[in-house]
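Keep the viewer open as you read.

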Amino acid sequence: MPVFTRFSEPPQPGDGISETDAEKTEGGESGEDETERAAAPGPAPVAPGPRFARLRTWRTRHPRTARALRLATTTLAAALVLGALLLPNTLPALKAVSFARIPAEAVIGAVVVLALPRRPRLVASVLYGLGLTALTTVNLLDMGFNEYLGRGFNAALDWDLLPDAQAYVEDTLGGGVATAVSVGAVVLVLLVAAVMVAATIRLATVLARHRVRATKGALIAGTVWVTSSALGLTLFGGPIASERGAGALRVHAQRTVESLRDEAAFVKQSKADSFGNTPPGELLPDLRGKDVIFTFIESYGRSAIEDPVMAPGVDRTLDASTAALEKAGFAARSGWLTSATYGGSSWLGHSTTMSGLWIDNQRRYRTVSAGDHLTLTKAFQKTGAWDTVGVMPGVQKGWPEEKWYGLDTLYDAFDLGYQGPKFSWSTMPDQYALEAFQRRVHGKKRDKPLMSFVILTSSHQPWAPLPKMVGWDELGDGSVFEAIQKAGNKASDVITDTTRSREEYGKSIQYSVTSLTQWLERYGTDDTVLVFLGDHQPIARVSGNHASRDVPVSIVAKDPKVLDKVAGWNWTEGLKPERDAPVWKMSSFRDRFLKAFGSTPHPSKD
């Protein structure tokens, strides 16, 4: 076994040394300097036990097989170490040519091993193996984050997202699968650690045994690396001289340090607010008397409107919905916002839009939601002129952010009376959530107009099974969706198929937009103002590796005075923004909206 360095590789007949030489080196590493062994402190070597004696006897009887096995083990160990050092952090870069490089870390590791005596060499080998484990782990995490969220893993911020990822897998594929994935991930890391440590010990032992040849080899490899680096030599489109491993760890270290610095700066930034001291009477005077609804459609991104696979169906839906709304007396204007998140973490998009701050990670979210920075929804509450309500079918536990958003009442997944089946992660179809909103809130008589904050979830990945539109008068308690859910696709069949994922994603957006616009046709009034937008693009596997972070945003109203207030925005008429329509950062929307509807800035400072 490679982890037992003292007795793992006694020399055998046929290895180029005599039987007598083999016996002389039985108790130590063959080829090591006699002076090193003589100078080594500690008790005299202990004779090997019966197990190693049997192994030595087998090697003596089968020298060719033993030599082939030693060579295979050494080759595998070298391949594992070189593979870990050259492993890319994105799936598109995972090609054979990526491993045709000379890693500087391997040359340096060999030099260090050759310079150390036995015990320090063993310690260095173990630490090197653990370092390779860390490198492999962060590269694999980078692959996953790049595939789903369009960015690399951040060791300072992203551990908080792992419980959410487990919850998503549980809702999508079941609790058993989620548990198996979690346990499997831990076992995989431990297995990688054991294999990498064994590999580095094995290579260190072989290098020490063949010290002279190994020293020459390290010198040659180092010379080639320096020459290739100095001359910029390439092979298969990439540099021959690689420092991929050290570079990856350096990037993660810098990312961590920058994130910690950003945390302190953001705390200060979040306390400064251009509307923080605006009196209630000077907030949103031009919307008084209007029922205003802010609605986010999950994963509704620019790709849905422009990607050749998804766009045809989505564009037809947007055109048909625009025409239907115009027939009902509504007009719409649409533009683009660049989201603070991508592929997931929807709450970052919601909070960025409503707060006017760029909230692109969980720590920023926790910081701002624990403070009193004015959200757009809370501005309505602050005036005292509106009742404020949240409709959150995706919330299934306590949600303390309710206060920060300024919501008088919150309706979560358990408050909407739904008795039908879940559709993967989504607790209920959007059509039902909107009808329940109408029955319980919007359709009731009130003393004040209503400001509503609604999150629609049917277009949440994995986009299987998908709900379908039913008659609005047939919705009941949602049981009507039982047959639709049973006849739908299985999440496991769609989530592993990129083409089907893209197709089903497009269908989910069509369903959500249709649900919302039909609800508006059915229940909207002369005083209804609807603002709806996406929270982020779908995952990179669906939207593409180089997709933007843009999402569509639309304002719909019957009263022409409402849209006159945003005429200067130069948005596109209808629900489908043109390609060249204005693109703003999502964090700019709050202030633009407040100013457009008559709010007066009165800054608060940190």
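Predicted model: local features only at pLDDT ≥ 70, side-chain atom pairs only at ≥ 80, totals over all residues.

Two strands count as paired if DSSP finds at least two bridges between them.

Strand β6 covers residues 331–338. Which strands does it pair with, and in what sense?

| Partner of β6 | Sense | Bridges | Facing residues |
|---|---|---|---|
| β12 (residues 572–573) | antiparallel | two bridges | Arg-333 and Glu-573 |

Six of the eight residues of β6 are buried, so the strand is largely enclosed by the rest of the structure.

**Helices**

Two packed helices are described by the angle between their axes and the distance between the axes. For helix α17 (residues 430–442) and helix α20 (residues 498–523), the axes come within 8 Å and cross at roughly 30°. Angles under 35 degrees count as roughly parallel, and α17 and α20 are therefore roughly parallel to each other. The crossing of α17 past α20 is right-handed. On the α17 side, the residues in contact include Leu-434, Phe-437 and His-442, while those of α20 include Tyr-511, Leu-516 and Trp-519.

Helix α4 spans residues 63–86, which makes 24 residues. From first C-alpha to last it reaches 34 Å, close to the 34 Å expected at 1.5 Å a residue. Among the buried residues of α4 are Ala-66, Arg-70, Thr-74 and Leu-86.

**Backbone details**

Most residues other than glycine have a negative phi, and most peptide bonds are trans. Some places in this model are worth a look with that in mind.

Where does Pro-462 sit? Its place is in the loop between β9 (450–456) and α18 (482–487), and the peptide bond from Gln-461 to Pro-462 is cis, with omega near 15°. Pro-465 lies in the loop between β9 and α18 too, and a cis peptide bond with omega of about -10° joins Ala-464 to Pro-465.

Trp-463 is also found in the loop between β9 and α18. Its phi is near 65°, a positive value in a residue other than glycine, and Trp-463 is buried, with a relative accessible area of 2%.

Ser-345 belongs to the loop between β6 and α13 (346–355). Although not a glycine, Ser-345 has a positive phi of about 55°. Is Ser-345 buried or exposed? Ser-345 is buried, with a relative accessible area of 12%.

How values were computed
Residues numbered from 1 in each chain as written. Heavy atoms only, no water. Helix = DSSP H or I, 4+ residues; strand = E, 2+ residues; numbered from the N terminus. Expected span 1.5 Å × (residues − 1). Buried < 20%, exposed > 50% of the residue type's maximum accessible area, 1.4 Å probe, protein only. Axes fitted to C-alpha atoms, helices over the stretch in contact; angles between N-to-C directions. Parallel < 35°, antiparallel > 145°, perpendicular 65-115°, else oblique. Left-handed = near helix turned anticlockwise from the far one by under 90°. Contact = heavy atoms within 4.5 Å.
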